[in-house]
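I had some time at the screen today and went through this structure piece by piece. My notes are below, in the order I looked things up.

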Amino acid sequence: MENNNDILKNAIQNLPEYIPEENVWISIDNALSKKETLTTLPNYTPPESVWNNIEKSLSKSGQPKPVLTIRLKQIMAVAALLLIGLIVFNNLKSKNSSISHSEEWTEVQTTGEWNDNNELKNVLNLICDNNPSVCITPEYKQAKARIEQLEQSKQIILKQMNKYEPNTDLEIMLTKIELEQTGLIKQIMQKTL
Amino acid sequence: MPESTNEKIIVQGCLQNNRQAQKNLYDKYKTEMYTLAYRITNNFEDANDALQEGFLQVFENLKTFKGNSKLGTWIHTIVARVAIKKIKNKIHFVEINDSITNNIIDWSMLTDVRYLEEAIASLPAGYRTVFTLYEVEGFKHKEIAEMLNISVSTSKTQLFKAKRLLMEHLKNTIS
């Protein structure tokens, strides 16, 4: 309920008005000009060859890829065979381990090429001495860092291994580490040649 | 030249992206729209932005204006919407179920319009917006409800609460 509503209406009609600053129109003008400029930018028609290439790619992607599929299958089959072989080999090894613990340990040690941490460092230093330019490349630094990281992992595993109680999982990990280290060293050496 | 004919010429010019026509349209409505934007936002900087953004929308959408309402009303709606958007995060409406008919608001003490302007500026964003749109700008509750995404009854109750608050402010100021 409201009384004397006409007083309010009258007051509202006499409320002050506010005039915007000139820069508001300048901003509007700029925005409009920008929009107009953008709409008047030229259009460019692509050469016919672009569509031809797209069309070719589309028709290629529509066809099956038997060759790639077969290759993938072959690779997967070989990988599976290798994995089975590795498991069987390790099982045999673990069965034989009951004869002599020391023999098992010796086999593990001979799997890798870099038994001694210093030996690994010496090889890396030798590469750097012979070809210093290789040692400043990011690939070399990356490979070296990875080798050192692997070496640390290797030392941890070696501490966990017990001469008189073989652990197949640790042995596999050790072998993999050593193989990767060897691979990285080979890569670096190939670059120096 | 009659006002409506003059406005039609301006609109035609605007539709052809004639900058002078656009400026004429802006000049014609700038004060009304700026005042509306300021009353809603309660801030001159936000009002500047709302005016700029609102007029850009007007020029962009003028081709869709069918002439079902007056051009000024159409521009009012656009600027009001833009201004509301600026303060949307400050508006919090609460549905009120209590009876408001027992309260009586008497405007007899409103002797100076400056007090009213101050009192409007002191209102919380939601009350101020509803009061401005309904009492000052003449929008209907249905239109306000749609603009603010609230129910018609909320718009009505918020308006009454806004008036009650205005009264309290006026009482305090005058006494």
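**Entry 1: what I am looking at**
I'm reminding myself that this is a predicted model. I started with chain A, which has 9 helices and 1 strand. I then checked burial: 8% of the 193 residues of chain A count as buried. I also looked at contacts in chain A with a separation of 6 or more, and 74% of them are between residues 24 or more positions apart.

**Entry 2: where chain A meets chain B**
How many residues does each chain put into the contact? I found 23 residues from chain A and 28 residues from chain B. On the chain A side, strand E1 (2-3), helix H1 (5-13) and helix H2 (22-39) each supply at least two residues. Which element of chain A gives the most? It is H2(A), with 7 residues. Sorted by class, the side of chain A that touches chain B has 15 nonpolar, 5 polar and 3 charged residues.

The strand of chain A turned up again here. E1(A) is joined by 2 bridges to strand E1 of chain B (residues 105-106), and the two run parallel. I looked up the partner of Glu2(A) in E1(B), and it is Ile105(B).

I did a length check on helix H9 of chain A, residues 168-192. Its 25 residues at 1.5 Å each should span 36 Å, and I get 37 Å between the end C-alpha atoms, so the two agree. I listed the buried residues of H9(A) as well: Glu171(A), Leu174(A), Ile177(A), Glu178(A), Gln181(A) and Ile188(A).

Next I clicked on Tyr140(A), which sits in helix H8 of chain A, residues 138-160. Is Tyr140(A) buried or exposed? I count 21 other C-beta atoms within 10 Å, and the cut-off for buried is 20 or more, so Tyr140(A) is buried. Leaving out residues up to four places away in sequence, Tyr140(A) touches Val134(A), Cys135(A) and Ile188(A). Ile188(A) was already on my list of buried residues in H9(A). I also took the C-alpha to C-alpha distance from Tyr140(A) to Gln187(A): 9.1 Å in space, for 47 residues of sequence.

**Entry 3: a helix pair in chain B**
I moved to helix H7 (residues 141-148) and helix H8 (residues 152-174) of chain B, whose axes come within 8 Å and cross at roughly 105 degrees. Angles of 65 to 115 degrees count as roughly perpendicular, so that is what I call H7(B) and H8(B). From H7(B), the contact uses His141(B), Lys142(B), Ile144(B) and Ala145(B), and from H8(B) it uses Val152(B), Ser155(B) and Lys156(B). By class I have 3 nonpolar, 2 polar and 2 charged residues there.

**Entry 4: two asparagines with positive phi**
Last, I went through loops in chain B. Asn17(B), between helix H1 (3-15) and helix H2 (19-41), has a positive phi near 60 degrees although it is not glycine. Asn42(B) lies in the loop between H2 and helix H3 (44-61) of chain B, and its phi is positive too, near 65 degrees. What about their surroundings? Asn17(B) has 13 C-beta neighbours inside 10 Å, so I put it down as partly exposed. Asn42(B) has 20, so it goes down as buried.

Note on methods: Residues numbered from 1 in each chain as written. Chains lettered and ligands numbered in written order. Predicted model: local features only at pLDDT ≥ 70, side-chain atom pairs only at ≥ 80, totals over all residues. Contact = placed C-beta atoms within 7 Å. Helix = DSSP H or I, 4+ residues; strand = E, 2+ residues; numbered from the N terminus. Nonpolar A, V, L, I, M, F, W, Y, C, P; charged D, E, K, R; others polar. Pairing = 2+ DSSP bridges. Buried ≥ 20, exposed ≤ 12 C-beta atoms within 10 Å, placed from the backbone. Axes fitted to C-alpha atoms, helices over the stretch in contact; angles between N-to-C directions. Parallel < 35°, antiparallel > 145°, perpendicular 65-115°, else oblique. Expected span 1.5 Å × (residues − 1).
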